[in-house]
Amino acid sequence: MEDTRPERRGLRCLLQKQVAEQNKRPQSRTQRPGTAGILRKGIILNNQRPSTCQEKFCGYTKSLFTDEIDLLVMAAESGDIYLWEFDDSISGPFHDDSFSLDPEQHLMKVTMKENLLNHEKSDALINKHLAGFTCKKVLAGHFKAVTALVVVGRESGFSAVYLLSGGWDRRICVWDLLTHTLIETFCRPELDHWNNQRETACDGVIMDICYCPKRNEFAYASSDGKIYIRHFALASSEMTLENILRGHEAEVTSVVWHNLKDKWITGSEDGTIRIWSEDGAQCERILHTKEVVMCICIDQINGCIVAGVHDTIRVYDPDTLLLVQRNVGHTDLIRCIVHVPETKQYASVSWDRTVRLWKAYCKANQYSSVV
């Protein structure tokens, strides 16, 4: 990625000296803040800088892929957001320069091409797009680790594709992914322009963020134990605070919108999963997991709540909240779970440095309708 020399965008590019100071991260146990939760401690402990590497090492904290514009967004603990795109100039067909080779070299090149084509046809392991997948832009708007990303696309009624990002600096930035520009940084209009808390969206670190297309609202989970729901807009003055979800007794690690039930669902280090009403006015149900909830995913077929509880995947029925499936195999904290409806699988990523695929839960009455 260093060889590609991607173009950098954002206000932070103009403040390199200030960023260098604010990006210093605690390395030892005595230096870490005492209020840091399991998730934030894990990011530090599991991204140790290699002693043999002379260059600055930076771990990734969050990633997502948007099908609408074929873009991979990857956030780093340095505060940068990397945009990976398909480059047709690299993934295009090879130029035939056989006329400049002698007969022996020409024969060797033809043989290599034939072997390559046979390999592609036999097991389809080589995709021409992968060769042209490059990092072209770096969005620099945060001063600390970025741990929350969500895309607001055209299907929500907007003319562009926007990215909402949040992290340890408690800032929320709105980016235009088509022009790679910073649209807005959330700020509190009630505070003075010179107040150092003006651009903070909450009292704690932003751990996760989610967008609700039905209500045009976004919710972000914080280490202060609260979830903030705001109206989505391109101007801070229009990002009105709709509600604050209170009830968790520890850091809130995950917040998702259940589009089949029209509910907000949150998970926390306090060992509970809470189901909130559509407007966030009240907590309707509480599911006790007795262990740290690291991430939550919604099964897009049956609406089950798929939770990464410590190192185990637990699947709960959305109506009865009964445990219907349990997947064991990871040896460390699970960081993310994704449901792939096309293959009927759950994909999980853990700090044990493995990506695992699991058979998704299927209700008995779904077997007749699922091909």
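This note goes through the sheet, cores, cysteines, salt bridges and backbone angles of the model.

1. Basis. The model is predicted: local features need pLDDT of at least 70, side-chain atom pairs count only at pLDDT 80 or more, and totals for chains, interfaces and linings use all residues. Residues are numbered from 1 along each chain as its sequence is written, and side-chain values use heavy atoms, with hydrogens and water left out.

2. Four strands form an open sheet in the order 6-7-8-9, with antiparallel pairing. Strands are DSSP runs (E, at least two residues), numbered from the N terminus. Two strands pair if DSSP finds at least two bridges between them. Strand 6 and strand 9 (181-185) are the edges, each pairing on one side only. From one strand to the next, the twist averages 25°. Strand 8 and strand 9 share four bridges in the antiparallel sense. Asp176 stands opposite Thr181 in strand 9.

3. Leu163. This residue sits in strand 7. Leu163 counts as buried because its relative accessibility is 0%. The classes are buried under 20% relative accessible area, exposed over 50% and partly exposed in between (1.4 Å probe, protein chains only). The C-alpha atoms of Leu163 and Val152 are 6.2 Å apart, at eleven residues' separation along the chain.

4. Nonpolar cores. A nonpolar core is a set of buried Ala, Val, Leu, Ile, Met, Phe, Trp, Tyr and Cys residues joined through side-chain atoms within 4.5 Å. The largest has 20 residues; Leu164, Ile172, Ile206, Ile209, Phe218, Tyr220 and Phe232 touch the most other members. Elements giving two or more residues to this core include strand 10 (206-212) and strand 11 (217-222). Apart from it lies another core of 14 residues, among them Leu71, Val161, Trp175 and Leu177.

5. Cysteines. How many disulfides does the count give? The count is zero, a disulfide being a pair of cysteine sulfur atoms within 2.5 Å. Cys210 is in no disulfide; its nearest cysteine sulfur, that of Cys212, is 7.5 Å away. Cys210 is buried, at 12% relative accessible area.

6. Salt bridges. The whole structure holds twelve salt bridges. The criterion is a side-chain nitrogen of Lys or Arg within 4 Å of a carboxyl oxygen of Asp or Glu. Lys261 and Asp319 meet at 2.6 Å, N to O. They lie 58 residues apart, both in loops. Lys263 bridges to Glu284 at 2.9 Å, linking strand 15 to strand 17 across 21 residues. Glu291 and Arg314 also meet at 2.9 Å. Glu291 is partly exposed at 33%, whereas Arg314 is buried at 11%. Lys214, Arg215, Glu217, Asp262 and Glu278 are linked in a network.

7. Positive phi. Most residues other than glycine have a negative phi. Arg170 has a positive phi of about 65° and lies in the loop between strand 7 and strand 8. Arg353 has a phi near 70°, in the loop between strand 23 (345-350) and strand 24 (355-359). Buried or exposed: which is Arg353? Arg353 counts as exposed because its relative accessibility is 79%.

Definitions and conventions
Axes are lines fitted to C-alpha atoms, for helices over the stretch in contact, and angles run from 0 to 180 degrees between N-to-C directions.
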